[in-house]
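Me: I'd like to walk through this model with you and learn how to read its features. Could we start with helix packing?

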Amino acid sequence: MVTQLTSAGRALVESLRSDPDQRIVAALALLVAALGLAPIALAPSEVVIYSGVATGTPTLYTYTIAIAAAVVVIGMQTRRQLLRAFFPWVPFLGWMILFAVLSWDSSLRTASGLLHFCLAAIVFAIGVTAERADRRNSVLLWAFAAVAWLQLFAITMAVIGLPLRRIAGQQSLDVLGRATGLTSHPGELAKLLFFCGMCALTLPQKTVRQRWVAWTTLGVVFLGLSLTQSRSVLAAVVSMILILVVLEFVTGRWQKRYFVVVGITGVLGVVSVPWLIERFTADPAGGDRQHLLRVAWEVIQAHPWAGVGPNSYVAIAGATDRLTASGVPVHNVLLLSAAEVGIVGALLLWLPFVLTATTAIHSVFRVRTSELAPRVLVSALPGLVLIGMTGWGLMQGPYFLMLALVAGYFYARARAAKVASGYGRD
């Protein structure tokens, strides 16, 4: 076994030396692992606790290093394509530079927010550029599938009394009875599993072995999701599956294997009924969301152009609202982004994601591509909107970067499908 492992290691090193695409793919897999399994703060030693889209001070994370490594590896091979991939983010980055100079304060909190959004732009560009090298092997999809299995392993270890990550303080009472895996909150794990579900549906299924891996991974995603007891993400995943099934049927690509997917979804619904009833009984109106919406509208009306600054919503709105000051921002990413970077700034922030969505929609309904990735992305859009309109975690920490990475990757794949059909240039 040692000999075999040594030989495999030598073969891997040799392929990385001789094939630039393999180096890009390796950097991509490392980035997925850093975001999905170990988003650990490295410096400073004590991170300022702050309930914003980023930490209270600029922080070096494991995924920060992974992003830098990916930029270096990809830039050495395809610098021009990497720079071109930033184009959808140029208007927003220019907006941030303008108001960072003219309006926003120069606090460490704001600097952390600026860094957070800049990293999202970089990660989106990485996803777009690396997709070409990864088109043959789909390593990003397999990496997210592996993340789902490892998160289930962490959940299992916690169930038997050997948690790999412990949640302390008041938050431990809030998440009691709900799975967190290697994350710090059930909602974070649920969002991560949603991205894993997207990738599981897009996995290659040319052989029986690949189909079983895809189906079992989807089952792992559903099981982990049910254990998180996240209502919005559960609805998002179910809607994604149902829309995909309808699209496959309408476009004439229905196959018997989709009965398995529908069956797994049905089992997920049945298993989730008890905790759904319990959660809706305990919290039928969604807590204080209406109050938080009113606070956000007041902030937007007071700062319609510049906003209060990246990562500054809780600090500024919390000065006049006790609930917000306790670390509870508005549970709506559009309102949160408009409050932080202004109405126009928010539109520019979400522009790359709108471009991704429209490209996928065009590929599915106009080009009628046989590529699966655009259809999965179109199926996931209502779920992503639901998650974004009912929470704020989609803009926070590694999960916003994960969204940017997946969006960039799927955008490139949808665009490649259009080019292959004779629409535009790659």
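Me: Which way does α8 cross α9, left-handed or right-handed?

Reply: A crossing is left-handed if the near helix is turned anticlockwise from the far one by less than a right angle, and right-handed if clockwise. Here α8 passes α9 in a left-handed crossing. Helices are DSSP runs of H or I with at least four residues, strands are runs of E with at least two, and both are numbered from the N terminus. One caution: this is a predicted model, where local features need pLDDT of at least 70, side-chain atom pairs count only at pLDDT 80 or more, and totals for chains, interfaces and linings use all residues. Residues are numbered from 1 along each chain as its sequence is written, and side-chain values use heavy atoms, with hydrogens and water left out.

Me: At what angle do α8 and α9 pack?

Reply: Axes are lines fitted to C-alpha atoms, for helices over the stretch in contact, and angles run from 0 to 180 degrees between N-to-C directions. Helix α8 (residues 186–202) meets helix α9 (residues 208–228) at about 165°, their axes 9 Å apart. That makes α8 roughly antiparallel to α9 (under 35 degrees is roughly parallel, over 145 roughly antiparallel, 65 to 115 roughly perpendicular, the rest oblique).

Me: Which residues of α8 and α9 make the contact?

Reply: Contact means heavy atoms within 4.5 Å. On α8, look for residues including L189, L193 and G197; on α9, among them are L218, V221 and G224.

Me: And α3 with α5, what is the angle there?

Reply: Helix α3 (residues 62–85) and helix α5 (residues 108–134) pack at about 70°, with axes 9 Å apart. That makes α3 roughly perpendicular to α5. The residues in contact include I67, V71 and I74 of α3, plus I122, F124 and I126 of α5.

Me: Where does R136 lie?

Reply: R136 sits in the loop between α5 and α6 (139–159). R136 is exposed, at 65% relative accessible area (buried is under 20%, exposed over 50%, partly exposed in between, with a 1.4 Å probe and protein chains only). Setting aside neighbours within four places in sequence, R136 touches D19 and Q22.

Me: Zooming out, how many helices and strands does the protein chain have?

Reply: The protein chain has 18 helices and two strands. Of its 426 residues, 51% count as buried. Along its principal axes, the C-alpha trace spans about 60 × 50 × 50 Å.
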